[in-house]
Amino acid sequence: EPAAAGEELTARTERLFHSHWDSICRQTDRMFAILMLVQWVAGIVVALWVSPRTWSGSESRVHFHVWVALILGAIINVFPILLGFFHAGFRSTRYVIATGQMLMSALLIHLSGGRIETHFHVFGSLAFLAFYRDWKVMVPATLIVAADHFIRGVYFPQSVFGILTASHWRWVDR
């Protein structure tokens, strides 16, 4: 009898734990879906505010950053937003959201011209990803940021550091 009661208690504890875990993941997925939509709009607003137009002599047209914010922002955000609302609670959704969130940080850093203040968006994003309470989500997010800073630091240092040339180890600094 005591062994059966212990097994029943263990099974109930596991059910309650998984129910609570699922609730946390669903709620966090929906929060990120809204956050990513807001970030996308904010990126467009920043691009429109910082550099709305580009000039070539007397001709004017919409600046490249506005198109990047609009189109690349849509590509980055569409899947995480849709999955956050319609596929909440699944492990794959967490990874897609983590990837999208870190790519959004990279986009915002690019749109700001590599301003140091924008790099704090990475830390804020990692803090929000911690709401999942799943360390496995942090691994690809961290690797994406490191790869982004390394690749853009080597090939496009102005978009990530705000300078035309950078040392080969500058990506480790940020």
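# Briefing: helix packing and selected residues

Lysine 136 is partly exposed, its relative accessible area being 39%; this value lies between the limits of 20% for buried and 50% for exposed residues. The structure described here is a predicted model. Mean pLDDT over the protein chain is 87, with 90% of the residues at 70 or more.

**Confidence**

- Within the protein chain, the highest confidence belongs to helix α3, with a mean of 94.
- The lowest confidence is found in helix α7, residues 170-173, where the mean is 58.

**Pairing of α1 and α2**

- Two packed helices are described by the angle between their axes and the distance between the axes.
- Helix α1 spans residues 2-50 and helix α2 spans residues 64-86; their axes come within 9 Å and cross at roughly 175°.
- Because angles over 145 degrees count as roughly antiparallel, α1 and α2 are roughly antiparallel to each other.
- The α1 side of the contact includes Asp29, Arg30, Trp40, Gly43 and Leu48, and the α2 side includes His65, Val66, Asn77, Pro80 and Phe85.
- Sorted by class, the residues in the contact of α1 with α2 are 15 nonpolar, five polar and two charged.

**The buried face of α4**

- Helix α4, residues 116-129, has as its buried residues Thr118, His119, Val122, Ser125, Leu126 and Leu129.
- These buried residues line one face of α4, because they fall within an arc of 125° when seen down the helix axis.
- The partners against which the buried residues of α4 pack are α1, α3 (91-111), α5 (135-155) and α6 (157-161).

**Residues in helix α5**

- Alanine 141 is located in helix α5 and is buried, with a relative accessibility of 0%.
- Contacts of alanine 141 are made with Ala98, Met102, Leu126 and Leu129, leaving aside residues up to four places away in sequence.
- Leu126 and Leu129 are also among the buried residues of α4.
- Between the C-alpha atoms of alanine 141 and leucine 129 the separation is 8.7 Å, and the two residues are 12 residues apart along the chain.
- Lysine 136 also has its place in helix α5; its C-alpha atom is separated by 20 Å from that of histidine 121, 15 residues apart along the chain.

**Residues in loops**

- Serine 51 is part of the loop between α1 and β1 (53-56).
- Serine 51 counts as buried because its relative accessibility is 13%, and buried means under 20%.
- Val46, His63, His65 and Val66 are touched by serine 51, residues up to four places away in sequence not being counted.
- His65 and Val66 also belong to the α2 side of the contact with α1.
- Serine 51 and leucine 72 are 21 residues apart along the chain, with 17 Å separating their C-alpha atoms.
- Arginine 133 is situated in the loop between α4 and α5 and is exposed, at a relative accessible area of 57%.
- The phi angle of arginine 133 is near 60°, a positive value in a residue other than glycine.
- Most residues other than glycine have a negative phi.

Notes: Residues are numbered from 1 along each chain as its sequence is written. This is a predicted model: local features need pLDDT of at least 70, side-chain atom pairs count only at pLDDT 80 or more; totals for chains, interfaces and linings use all residues. Side-chain values use heavy atoms; hydrogens and water are left out. Axes are lines fitted to C-alpha atoms, for helices over the stretch in contact, and angles run from 0 to 180 degrees between N-to-C directions. Helices (H or I, at least four residues) and strands (E, at least two) are DSSP runs, numbered from the N terminus. Angles under 35 degrees count as roughly parallel, over 145 as roughly antiparallel, 65 to 115 as roughly perpendicular and the rest as oblique. Contact means heavy atoms within 4.5 Å. Ala, Val, Leu, Ile, Met, Phe, Trp, Tyr, Cys and Pro count as nonpolar, Asp, Glu, Lys and Arg as charged, and the others, Gly among them, as polar. Buried means under 20% relative accessible area, exposed over 50%, partly exposed in between (1.4 Å probe, protein chains only). The arc is that of the directions from the helix axis to the C-beta atoms. pLDDT is the predictor's confidence in each residue, from 0 to 100.
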